[in-house]
Amino acid sequence: QAAASGTAHAKVILLGEHAVVHGAPAIALPVHSLALTASVTRTDRPLWIDSVLYRGPIAAAPELLAAPVTALAETLRFTGAPATGLTVRIDGEIPAERGLGSSAAVAAAISTAVARAAGVELGARERFDLIQAAERVAHGTPSGLDARAVVSDTAVWFQRGDVRALPSAFTGVFVIADTGLHGRTREAVGGVAALKAADPARVERILDRIAALTAAAAGDLAADARAALGERMTETHRMLAELTVSSPELDRLVGAATAAGALGAKLTGGGRGGCVLALADTPVDAARIAAGLRAAGAERTWMPAARPGLTPG
Ligand code: MEV
C-alpha cells in the first residue's frame, strides 16, 4: 500500500533545443504515452530504492542514479522529513538518454511522491527547483525546459526560465524515432559553448535563426500550418547540425523521414544520439513514415496520441 505517489511523462522538444540554453525560446510537447510513477511506502528499512536499474539502499546506489538520489535527498531536506524508513519504487519507463526527458521526469515523480508522503503538496516553483537540482547533477547547466515540460499537460513555450502553456488546434501527427544510441546532452551542450567561444558571430547568427524559427512555429501550431511547421523543423535540423549536435545516424533518420513523406524532421533534445521527431500530415502518413524510419535503422518508433498534449491550455 503506497503512502503517496507522483507521476511525470516524457517530452519532445519541437524547436529550440540548445538555443534555449543561450536565452532563445523553445517549444516542448508532452508525451503522455511514455510516463512513469514513483510510489513511496513506509518501511523500517533505511532509505531504499526499487527500480529496474537498481534495488537496494540509497546509500549504495550506483553513480547512474546520482540525479534521482539528489531529487530524493533534496525533497526530504525541503520537507524536513527524516531520511529513513521509506522505499521509493519507480514503475513505467521512459528510455534513458534519448532526449525524451527521462532524467527530469524521474526527478519530478520522485519529488512529488516524497513530498506527498510527508504531507506536502509542492507548488510549481518548488517542484521546478527540486527537479533542477537533479538535472544539474544529470547534465550540468539545464535550461529548465525539461523540468517544465515533463509535468505540463499542454505544449509549453519556454524562455529564460519563464514558461507558458501554448494552446493549439494543431492536427498534424508526430512520429518519434529512436536511433538506439545514447544521447550525450552534457557533451553536446559543451560543444555548442566551445563553438560559440571560438566563433561567436557565426554561432549567434545560427542561434538567432533558430529563435526566429521557434517564434514562427508557435504561430504554425495555432494556425494548424502543418507544411510550414515541417519546413521549419527540417531547417532547424540543419542549424543544429552546424552546431555539431547531430550525428550520422540522426541525419540518416531525418533523411528517411522526409523520403517517406514527412513534412519535416529534426533531431530532438540534446542530440549526438537519441531521437528524431518527424511531422506527418495524417495518421496514415505517420504510419508509413514510422515504417520508413524503422527500415532505415530506427530501433523503435512511437506515435504519441495524434495530438500529443496539444490540447487547449
Ligand atoms: C535537452 O533536452 C535540451 C537542451 O536544450 C538542454 C537544456 O535545455 O538544458 C539540449
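This is a predicted model: local features need pLDDT of at least 70, side-chain atom pairs count only at pLDDT 80 or more; totals for chains, interfaces and linings use all residues.
Around the ligand sit 14 residues, with E17, P142, S143, G269 and G270 coming nearest. Elsewhere, helix 1 and helix 3 cross at roughly 145°, and helix 8 and helix 9 also cross at roughly 145°.

**The ligand shell**

- By class, the shell splits into six nonpolar, six polar and two charged residues.

- Helix 1 has 14 residues and spans 20 Å from first to last C-alpha, close to the 20 Å expected at 1.5 Å a residue.
- Its buried set is A67, P68, V69, T70, A71, L72, E74, T75 and L76.
- The cover over those buried residues of helix 1 includes strand 5 (84–92), helix 2 and helix 3.
- Helix 3 (residues 124–139) runs for 16 residues and reaches 22 Å between its end C-alphas, close to the expected 22 Å.
- Buried in helix 3 are R127, F128, L130, I131, Q132, A133, A134, E135, A138 and H139.
- Those buried residues of helix 3 pack against helix 1 (66–79), helix 2 (102–117), helix 4 and helix 5.
- Helix 3 is followed by G140, where phi is again positive, near 85°.
- The axes of helix 1 and helix 3 come within 8 Å of each other, and the crossing is right-handed.
- On the helix 1 side, the contact uses A66, A67, P68, T70, A71, E74, T75 and F78, which meet E126, L130, I131, A133, A134, V137 and A138 of helix 3.
- Sorted by class, this contact has eleven nonpolar, two polar and two charged residues.

**Helix 7**

- Helix 7 (residues 226–242) has 17 residues and reaches 25 Å from its first C-alpha to its last, close to the 24 Å expected.
- R226, L229, G230, R232, M233, T236, H237, M239 and L240 are the buried residues of helix 7.
- An α-helix has 3.6 residues a turn, so residues three or four places apart point the same way.
- The packing partners of helix 7's buried residues are strand 1 (4–15), helix 6 (200–223), helix 8 (248–259), strand 9 (264–268) and strand 10 (275–280).
- T244 follows helix 7 and has a positive phi, near 75°.

**Helix 8 against helix 9**

- The axes of helix 8 and helix 9 (residues 283–295) come within 8 Å, and this crossing is right-handed.
- L253, A256, A257 and A259 from helix 8 meet I289, G292 and L293 from helix 9.
- The class count for this contact is six nonpolar, one polar and no charged residues.

**H9, a buried histidine**

- H9 sits in strand 1.
- H9 counts as buried because it has 26 C-beta neighbours inside 10 Å, and the cut-off for buried is 20 or more.
- Leaving out residues up to four places away in sequence, H9 touches P30, V31, H32, L34, A35, A105 and V150.
- The C-alpha atoms of H9 and A149 are 8.5 Å apart, though the two residues are 140 residues apart along the chain.

- Most residues other than glycine have a negative phi, and most peptide bonds are trans.
- R160 has a positive phi near 45° without being a glycine.
- You'll find R160 in the loop between strand 6 (155–159) and strand 7 (162–166).
- R160 counts as exposed because it has 10 C-beta neighbours inside 10 Å, and exposed means 12 or fewer.
- D224 is also not a glycine, and its phi is positive too, near 55°.
- D224 lies in the loop between helix 6 and helix 7.
- With 13 C-beta neighbours inside 10 Å, D224 counts as partly exposed.

Technical notes. Residues are numbered from 1 along each chain as its sequence is written. Helices (H or I, at least four residues) and strands (E, at least two) are DSSP runs, numbered from the N terminus. The expected span of a helix is 1.5 Å times one less than its number of residues. Two residues are in contact if their C-beta atoms, placed from the backbone, lie within 7 Å. Axes are lines fitted to C-alpha atoms, for helices over the stretch in contact, and angles run from 0 to 180 degrees between N-to-C directions. A crossing is left-handed if the near helix is turned anticlockwise from the far one by less than a right angle, and right-handed if clockwise. Ala, Val, Leu, Ile, Met, Phe, Trp, Tyr, Cys and Pro count as nonpolar, Asp, Glu, Lys and Arg as charged, and the others, Gly among them, as polar. A residue is near a molecule or strand if its C-beta atom, placed from the backbone, lies within 6 Å of it.
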